[in-house]
Amino acid sequence: MTNVYLIRLGSPIGRLELVADDEAVTSLSIECGGVLPHDGEPERPNAVLDEARDQLAEYFSGRRLDFDVPVRLTGTAFQQAVWAELARLHWGEATSYGALAAAVGRPGSARAIGGAVGANPVPIIVGCHRVLATDGRITGYSGGEGVSTKLWLLGHEQIGFAA
C-alpha cells in the first residue's frame, strides 16, 4: 500500500493543497470558493511536500523560475504526451493549444488538447497556465477561481496575452 501525504499552504492565488506519495507530488489543487478537496483531513507532511512547499514559496516570491520537485503524473498516454510538452515550458514562456496539438502529433485536436491541459494534476509546477489560444487570448483555466487565477499567474511570469 502506498503512503499518501498532504499539506496546505497559503499563496497569492488562494490556499494550495498538495498530495504526494513517498517519492513525488501527485496533485496540486488551488482553492476554489474557499474550498480544497481534502479540507476535512489532517495534514500529513513528508520530505517531498516540504520541498514542494519551499519551491512554491520561492516561485511566488519571484526567486524560483523552474521547479525540480519530483512529480508523478497519472493519466492516459495522450494526456501524458501533452503534460510532457507543458513541462518543457519555462518561466515566462507561452504556447498555444494548436502548437501543443502539433507537438504531440495530433494537429487539429486543439479541443482534446484543452481537455488534457485542464486535467493536469499539478498546475503551476507543470505550467498549464502558459497555454493560450492561437491568437494569444485567454480561453479559460480550470484551476482555482478560473480566469482570474490564470491572469495572476500570467502577470506574475510577465506573459503577454491578447485582450
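This is a predicted model: local features need pLDDT of at least 70, side-chain atom pairs count only at pLDDT 80 or more; totals for chains, interfaces and linings use all residues.
**Entry 1**

I number residues from 1 along each chain as its sequence is written, and side-chain values use heavy atoms, with hydrogens and water left out.

**Entry 1: Q79**

I placed Q79 in helix α2 (residues 77-88). Helices here are DSSP runs of H or I with at least four residues, strands are runs of E with at least two, and both are numbered from the N terminus. I then listed the contacts of Q79 (heavy atoms within 4.5 Å). Leaving aside neighbours within four places in sequence, Q79 is in contact with A116 and A119. I also took the C-alpha separation of Q79 and N120, which is 8.0 Å for two residues 41 apart along the chain.

**Entry 2: salt bridges**

I counted 13 salt bridges in the structure. The term requires a side-chain nitrogen of Lys or Arg within 4 Å of a carboxyl oxygen of Asp or Glu.

I began with R8 and E43, whose closest N and O atoms are 3.9 Å apart. R8 belongs to strand β1 (residues 5-9) and E43 to the loop between β3 (25-30) and α1 (47-60), so this pair ties together parts that are 35 residues apart in sequence. For accessibility I use three classes: buried is under 20% relative accessible area, exposed is over 50%, and partly exposed is in between (1.4 Å probe, protein chains only). R8 is buried at 14% relative accessibility, whereas E43 is partly exposed at 38%. I also traced a network of salt bridges that links R8, R15, E17, E31, D39 and E43.

The next pair was E41 and R44, whose side chains meet in a salt bridge at 3.3 Å, N to O. E41 is partly exposed at 33% relative accessibility, and R44 is partly exposed with a relative accessible area of 29%.

E157 lies in the segment after α5 (147-156) and R130 in the loop between α4 (110-118) and β5 (131-132), so the pair ties together parts that are 27 residues apart in sequence. E157 is buried at 2% relative accessibility, and R130 is buried at 3%.

**Entry 3: the two domains**

How is the chain divided into domains? I recorded domain 1 as 5-61 and domain 2 as 77-157; these bounds come from an automatic or database domain assignment. The C-alpha centres of domain 1 and domain 2 lie 21 Å apart.

I found 16 residues of domain 1 in contact with 16 residues of domain 2. About 1,200 Å² is buried between domain 1 and domain 2, and carbon and sulfur atoms give 70% of that area. Buried area is the accessible area (1.4 Å probe) that two parts lose on being put together, summed over both.

How many salt bridges are there between domain 1 and domain 2? I counted zero. For polar contact, the count between domain 1 and domain 2 is four residue pairs, both residues at pLDDT 80 or more. On the domain 1 side that touches domain 2, the elements giving two or more residues are β2 (16-20), β3 and α1. The largest share of that side, five residues, comes from β3. I sorted the residues of that side of domain 1 into 11 nonpolar, four polar and one charged. In this scheme Ala, Val, Leu, Ile, Met, Phe, Trp, Tyr, Cys and Pro count as nonpolar, Asp, Glu, Lys and Arg as charged, and the others, Gly among them, as polar. A polar contact, by contrast, is a pair of N or O atoms within 3.5 Å; within protein, one must be able to donate a hydrogen and the other to accept it, and residues adjacent in sequence count only if both atoms are side-chain atoms.

Is H156 buried or exposed? I found H156, in helix α5, to be buried with a relative accessible area of 15%. Beyond its neighbours within four places in sequence, H156 is in contact with Y59, F60, G62 and W91.

W152 also lies in helix α5, and I noted W152 as partly exposed at 29% relative accessible area. Not counting residues up to four places away in sequence, W152 touches P12, I13 and F60. The C-alpha atoms of W152 and G98, 54 residues apart along the chain, are separated by 23 Å.
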